[in-house]
Amino acid sequence: MSWKLKNGYEVKYFKKEEFTCPCCGQTHIEDAFIERLDKARYIANVPFVITSGYRCPKHNEKVGGVPDSAHVKGLAADIKCTNSSDRFKIVDAAIACGLKRIGIGADFIHLDYDLEKPRPVIWTYYKH
């Protein structure tokens with residue numbers, strides 16, 4: 001069964017359940033973000049394995065997320081990524097689709113569409 005957004009856009013690469021909070025089972029993910037993410041997945045042409053989507057405030061705190069996390073607003077996802085070639089493809093596609101808040105971790109990429117935060121930005125989660 002496909003997932004259609006309110007504007008009629010049919011999500012091709014994701015299921016709504018991939019963005020569900022593991023703590024409470026809720027899924028509050030914004031259509032504007034999902035549409036851009038789906039288009040980025042098409043352009044990158046590599047799998048986007050979602051490791052974190054929507055987070056309720058309780059779960060966000062449990063995993064050490066910042067209080068105003070885009071995950072809590074339904075505007076972010078973390079994507080599993082363990083090699084530099086896929087990392088480049090994902091980041092390049094995200095930027096092309098208007099996702100200009102990007103975090104780079106050792107084994108994931110954070111993408112968000114929180115327009116209330118500075119952009120364009122790329123940061124790392126690496127500890128030096």
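Here is a quick tour of the sheet, the pockets and a few individual residues in this structure.

The model is predicted, so to speak with caveats attached: local features need pLDDT of at least 70, side-chain atom pairs count only at pLDDT 80 or more, and totals for chains, interfaces and linings use all residues. Residues are numbered from 1 along each chain as its sequence is written, and side-chain values use heavy atoms, with hydrogens and water left out.

**The sheet**

- Five strands make up an open, mixed sheet, in the order β3-β4-β6-β5-β7. Strands here are DSSP runs of E with at least two residues, helices are runs of H or I with at least four, and both are numbered from the N terminus. Two strands pair if DSSP finds at least two bridges between them.
- At the edges sit β3 (50-52) and β7 (121-124), each pairing on one side only.
- From one strand to the next, the twist averages 25°. For angles, axes are lines fitted to C-alpha atoms (for helices, over the stretch in contact), and values run from 0 to 180 degrees between N-to-C directions.
- Strand β4 (residues 76-80) is antiparallel to β6, with five bridges joining them. Among the bridge partners, I79 goes with I109 of β6, and D78 goes with H110 of β6.
- β3 and β4 are also antiparallel, over two bridges. I50 has I79 of β4 as its bridge partner.
- Four of the five residues in β4 are buried, leaving the strand mostly covered. The cut-offs are under 20% relative accessible area for buried, over 50% for exposed, and partly exposed in between (1.4 Å probe, protein chains only).
- Helix α1 lies across β3, β4 and β6 and runs at about 25° to β4.

- The largest pocket holds about 300 Å³ of space. Its lining has 16 residues, and R55, G65, V66, H110 and Y125 are the closest to its centre.
- On a 1 Å grid over the protein atoms alone, a pocket is an open set of points where a 1.4 Å probe fits, with protein on both sides within 12 Å along at least five of seven lines; lining residues have an atom within 4 Å of a point. Grid points are joined across faces, edges and corners, and a volume is the space filled by probe spheres set on the points.
- Strand β6 (residues 108-112) gives the largest share of the lining of the largest pocket, with three residues.
- By class, that lining of the largest pocket splits into six nonpolar, five polar and five charged residues. Nonpolar covers Ala, Val, Leu, Ile, Met, Phe, Trp, Tyr, Cys and Pro; charged covers Asp, Glu, Lys and Arg; the others, Gly among them, are polar.
- The second largest pocket has about 150 Å³ of space. Its lining residues include W3, K4, K16, H28 and D31, and the elements giving two or more residues are β1 (3-4) and α1 (31-44).
- The lining of the second largest pocket has four nonpolar, two polar and five charged residues.

**Residues and their contacts**

- V11 is found in strand β2 (residues 10-11), and it counts as buried because its relative accessibility is 4%. Beyond its neighbours within four places in sequence, V11 is in contact (heavy atoms within 4.5 Å) with W3, L5, I34 and D38.
- H59 is in helix α2 (residues 57-62) and is buried, at 14% relative accessible area. Leaving aside neighbours within four places in sequence, H59 is in contact with C21, P22 and C23.
- V11 and H59 are 48 residues apart along the chain, and their C-alpha atoms are separated by 26 Å.
- I43 belongs to helix α1 and is partly exposed, with a relative accessible area of 46%. Setting aside neighbours within four places in sequence, I43 is in contact with A93, A96 and C97.
- From I43 to K100 is 57 residues in sequence and 15 Å in space, C-alpha to C-alpha.

- Most residues other than glycine have a negative phi, and most peptide bonds are trans.
- N45 has a positive phi of about 60° although it is not a glycine. N45 lies in the loop between α1 and β3 and is exposed, at 62% relative accessible area.
- The peptide bond from R119 to P120 is cis, with omega near -5°, and P120 is in the loop between β6 and β7.
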